[in-house]
Every structure is written in C-alpha cells, then in structure tokens.
Amino acid sequence: MRSIFALTSLSIAALVVAAGPTFADTDTGTVKERIEHKADQAGEKIKDTTHDAKVGVTDSWITSKLKIALFADPRVEGHEVHVDTKGGVVTLRGKVDSAEAKAAAGEITKGSEHVKGVRNDLQVVARSNRSGVTASDKDIAKNVQTRFSNDSKLKSVNVDVSNGVVSLSGEVKNIDASAKASEVARGVAGVRSVKNDLTYASRSSLR
C-alpha cells in the first residue's frame with residue numbers, strides 16, 4: 001500500500017513539474033530569453049575582440065585603412081582630410097569641396113570594418129583655384145614621384161597616372177607607410193583619386 005502511495009505521489013509531483021511552465025511560462029521564458037540574449041551578445045563581443053587581436057587591429061590600423069579608402073574615392077574631393085581614431089571611434093576633420101564630399105567621407109568611414117562610431121567634423125570649403133585639375137598625367141606623375149623621393153619610406157613606390165587617377169605599386173614597410181603614400185599622392189594638384197596596390201610586410205609593425 002505504501003509503495004502504491006509513494007508511486008502515486010511521485011507521479012503527481014512529476015506532473016506538477018511538467019505543468020509548471022504553463023502558468024509561469026511568460027515571465028520565466030522572458031527572463032530566460034533575456035539571459036540567453038545577453039550571453040549571446042557577450043559571446044559575440046568576446047569573439048570580435050579576439051578576432052581583432054588576432055589580425056592586429058588597432059586605432060592606428062583603422063586610421064591607415066580609412067586614409068587609403070578615402071583617398072581612393074573620387075567623391076571625396078579634398079586634400080585636407082584628417083582621420084583620427086580612438087577606441088574604434090573615428091573623427092574626420094579638415095576641409096572638403098562640397099557637402100556631397102563630406103557625406104561620402106562619412107559613408108565610407110561608417111561602412112569600414114571595425115569602426116564603432118563616426119564623428120564627421122569636415123568643413124565644406126570650395127576651392128578658389130582649380131588650375132591644377134588640368135595638369136597632365138605626366139606632370140602629375142612627376143610631382144608625385146618628387147614628393148615620394150623626399151621620404152625614405154616611399155622612395156621605392158612605383159607611380160602610374162591615367163586620367164588623373166594615380167596607381168601606386170610596390171612594397172613598403174607597413175600599412176602606415178601605405179596610407180601616407182595615398183595621402184601624399186592625393187595632395188598633388190590634379191589628382192582625382194589614388195588606387196593603392198602597395199603591399200606591406202606585417203600589421204604587427206603598427207605602433
């Protein structure tokens with residue numbers, strides 16, 4: 001008799017446990033979902049941080065990659081674009097030729113990998129002297145090469161110009177030097193954009 005009573009009690013207890021979520025499902029389920037969501041977010045954050053560390057992503061690396069991208073886009077019509085990155089948040093300063101150029105710079109920055117935020121402080125100032133735009137490809141190449149020759153890190157960079165688009169090839173020490181090459185070339189009168197095909201040894205050389 002006691003055995004039958006014990007078995008009956010266990011069966012009832014099992015049914016109560018099984019039925020429990022039916023009357024507390026909403027609250028318990030919501031809390032559980034929130035906990036799982038937070039755990040997933042934390043996991044993703046850790047994963048992203050680990051990935052960034054593995055590839056050597058730093059603020060300096062983000063800045064250099066952005067300079068290369070900005071000076072490669074013909075929409076960003078301005079030679080005085082300065083990029084600063086802190087904690088993954090990028091600040092753009094300097095002058096561009098139009099509101100469209102400012103917007104394009106912001107879009108490029110926002111869409112770049114590892115960028116966590118963008119502060120676009122670029123000023124729109126129309127250039128008064130556009131005589132440089134008519135410079136020949138030959139003159140542009142000569143002027144870019146002259147500027148490179150004055151920098152020991154850029155002396156070995158090969159320069160080719162077609163319709164105002166400067167193509168850079170060769171090898172430099174690191175991504176900082178690659179970004180500087182784009183910046184220097186973009187600052188030459190008549191240059192519309194800079195296609196940077198430079199290679200560099202390692203991201204770990206960034207400091």
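Which residues have the most contacts inside the largest nonpolar core? Keep that in mind while you get set up.

**Before you click**

This is a predicted model, where local features need pLDDT of at least 70, side-chain atom pairs count only at pLDDT 80 or more, and totals for chains, interfaces and linings use all residues. Residues are numbered from 1 along each chain as its sequence is written, and side-chain values use heavy atoms, with hydrogens and water left out.

**Stop 1: the whole chain**

Show the protein chain as a cartoon and you'll find 5 helices and 9 strands. Those names come from DSSP runs (helices are H or I, at least four residues; strands are E, at least two), numbered from the N terminus. Trace the sequence and the pattern reads α-α-β-β-α-β-β-α-β-β-β-α-β-β. Of the 207 residues, 31% count as buried; buried means under 20% relative accessible area, exposed over 50%, and partly exposed in between, using a 1.4 Å probe and protein chains only. Contacts here mean heavy atoms within 4.5 Å. Among contacts in the chain with a separation of 6 or more, 66% are between residues 24 or more positions apart.

**Stop 2: the largest core**

Now for that opening question: select I62, L70, V76, V81, V90 and L92, the residues with the most contacts inside the largest nonpolar core, which has 21 residues. A nonpolar core is a set of buried Ala, Val, Leu, Ile, Met, Phe, Trp, Tyr and Cys residues joined through side-chain atoms within 4.5 Å. The largest share, 6 residues, comes from α2. In soluble globular proteins, nonpolar side chains tend to be buried together.

Zoom in on V81. Setting aside residues up to four places away in sequence, V81 touches L70, F71, V76, R93, K95, V96, L122 and E183. Apart from this core lies another, of 18 residues, with F148, V157, V161 and V166 among them.

Next, pick T109, in helix α3. Buried or exposed? T109 is buried, with a relative accessible area of 0%. Not counting residues up to four places away in sequence, T109 touches L66, L70, V90, L92, V115 and V118.

**Stop 3: α2 against α5**

Two packed helices are described by the angle between their axes and the distance between the axes. Axes are lines fitted to C-alpha atoms, for helices over the stretch in contact, and angles run from 0 to 180 degrees between N-to-C directions. Hide everything except α2 and α5: their axes come within 9 Å and cross at roughly 30°. That makes α2 roughly parallel to α5 (angles under 35 degrees count as roughly parallel, over 145 as roughly antiparallel, 65 to 115 as roughly perpendicular and the rest as oblique). The crossing is left-handed, a label used if the near helix is turned anticlockwise from the far one by less than a right angle, with right-handed used if clockwise.

Show side chains for S60, W61, S64, K65, K67, I68 and F71 in α2, which meet I175, D176, S178, A179, S182, E183 and R186 in α5. By class, this contact has 5 nonpolar, 4 polar and 5 charged residues. For these classes, Ala, Val, Leu, Ile, Met, Phe, Trp, Tyr, Cys and Pro count as nonpolar, Asp, Glu, Lys and Arg as charged, and the others, Gly among them, as polar.

**Stop 4: α4 against α5**

Helix α4 (residues 137-149) packs on helix α5 (residues 175-186) at an angle of about 135°, with their axes 9 Å apart. The two are therefore oblique to each other, and α4 passes α5 in a right-handed crossing. Select V144, R147 and F148 in α4 to see them meet A181, V184 and A185 in α5. This contact has 5 nonpolar, no polar and 1 charged residues.

**Stop 5**

Go to the loop between β5 (158-162) and β6 (165-169), where G164 lies. At 4% relative accessibility, G164 counts as buried. Draw a distance from its C-alpha atom to that of R192, 28 residues apart along the chain, and you get 5.2 Å. Leaving aside neighbours within four places in sequence, G164 is in contact with D137, I140, G190, V191, R192 and S193.

N163 sits in the loop between β5 and β6 too, but N163 is exposed, with a relative accessible area of 59%. Phi of N163 is near 55°, a positive value in a residue other than glycine.
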